[in-house]
Amino acid sequence: LDQKRIDATFQSLYINRALANEARKMELDKDPLVARQLALQADSLLAKEWAIKVKRDAKLPDFEPRALEKYRVEDKQYSVEPQVHAMHILIDTKTRSRDEALKKLKELRAKAMSGQKDFGALAEEFSDDPSAKTNKGDIGFFTPDKMVKSFSDAAFALTANGQISEPIETKFGFHIIKLIEKKEGYKKPLDKVKADIIKELEQEYYDNLIREQVNAIKSDKAITTNTEAILGLRPILLNPDGTVRPDKKP
């Protein structure tokens, strides 16, 4: 541990304790508003400690069967989506017709397919994607939901590294896509996720246990609201001369 941080923490605790003792000597703790705040803070702390003890004393059931069922049913939660690493060239239709954009892109594709020029160099020089000037069209790995559907479908349809797609159209214009690498999706092994699933089920059990007891308190018919006492908790604002402001009386 950092000695400076330790020293600073203890110094802060000491100062707070010393100032609190001075406040007690001045009998500030007997001020009604201060006393109410202290009582509220004590209630809040005790309520938290109650919840901790409830969790500590709870007799947990065997969650393994439920964990196995959760793993079996909730495939998506415990699966890693497929990914592709791709490059692309975009020719937009903002400053040219669709036919012109498509023709231009087909010419670039032919150059890339023939090896006449590197795909990244073509992207850097001709792509209308602003980021291509720095990444040469390389958009890294992405999952199916991270791109517009037509683009994603075309990228994931590619099967061989280095393969270049036919031109495809999106709302941004026309693209060709080059596959760099594909990672197939898979479901995580049970032994890698079982402990996390059980932990989630335990937390859900604790939350329900506390919620049941809180709801029982809420539904107690003996509980009534003392409006006068609640209004009495409002601070009283004073005028400069020390008199109570009429419009702010509790």
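This is a predicted model: local features need pLDDT of at least 70, side-chain atom pairs count only at pLDDT 80 or more; totals for chains, interfaces and linings use all residues.
Reader: How far apart are the end C-alpha atoms of α4?
Author: The expected span is 1.5 Å times one less than the number of residues. For the 17 residues of α4 this gives 24 Å, and the end C-alpha atoms agree with it, being apart by 24 Å.

Reader: What arc do the buried residues of α4 cover around the axis?
Author: Ala101, Leu105, Leu108, Arg109 and Ala112 are buried (under 20% relative accessible area; exposed is over 50% and partly exposed in between, with a 1.4 Å probe and protein chains only). They lie on the same side of α4, because the arc they cover, taken from the directions from the helix axis to the C-beta atoms, is only 105°.

Reader: Which exposed residues does the opposite face of α4 carry, and against which elements do the buried ones pack?
Author: The face turned away from the buried side holds Asp99, Lys103 and Ser114. The buried residues pack (contact means heavy atoms within 4.5 Å) against β2 (83-91), α5 (119-126) and β5 (173-183).

Reader: Which residues of α2 and α8 make their contact?
Author: Helices α2 (residues 32-57) and α8 (residues 190-218) pack at an angle of about 125°, with axes 10 Å apart; axes are lines fitted to C-alpha atoms over the stretch in contact, and angles run from 0 to 180 degrees between N-to-C directions. The contact involves, from α2, Trp50, Ala51, Val54 and Lys55, and from α8, Gln203, Tyr206, Leu209, Ile210 and Gln213.

Reader: What is the relative accessible area of Glu27?
Author: Most residues other than glycine have a negative phi. Glu27, in the loop between α1 (3-25) and α2, has a positive phi near 60°. Glu27 is partly exposed, with a relative accessible area of 47%.

Reader: What is the relative accessibility of Lys136?
Author: Lys136 lies in the loop between α6 (132-135) and β3 (138-142). Its phi is also positive, near 55°. Lys136 counts as partly exposed, at a relative accessibility of 41%.

Methods:
Residues are numbered from 1 along each chain as its sequence is written. Side-chain values use heavy atoms; hydrogens and water are left out. Helices (H or I, at least four residues) and strands (E, at least two) are DSSP runs, numbered from the N terminus.
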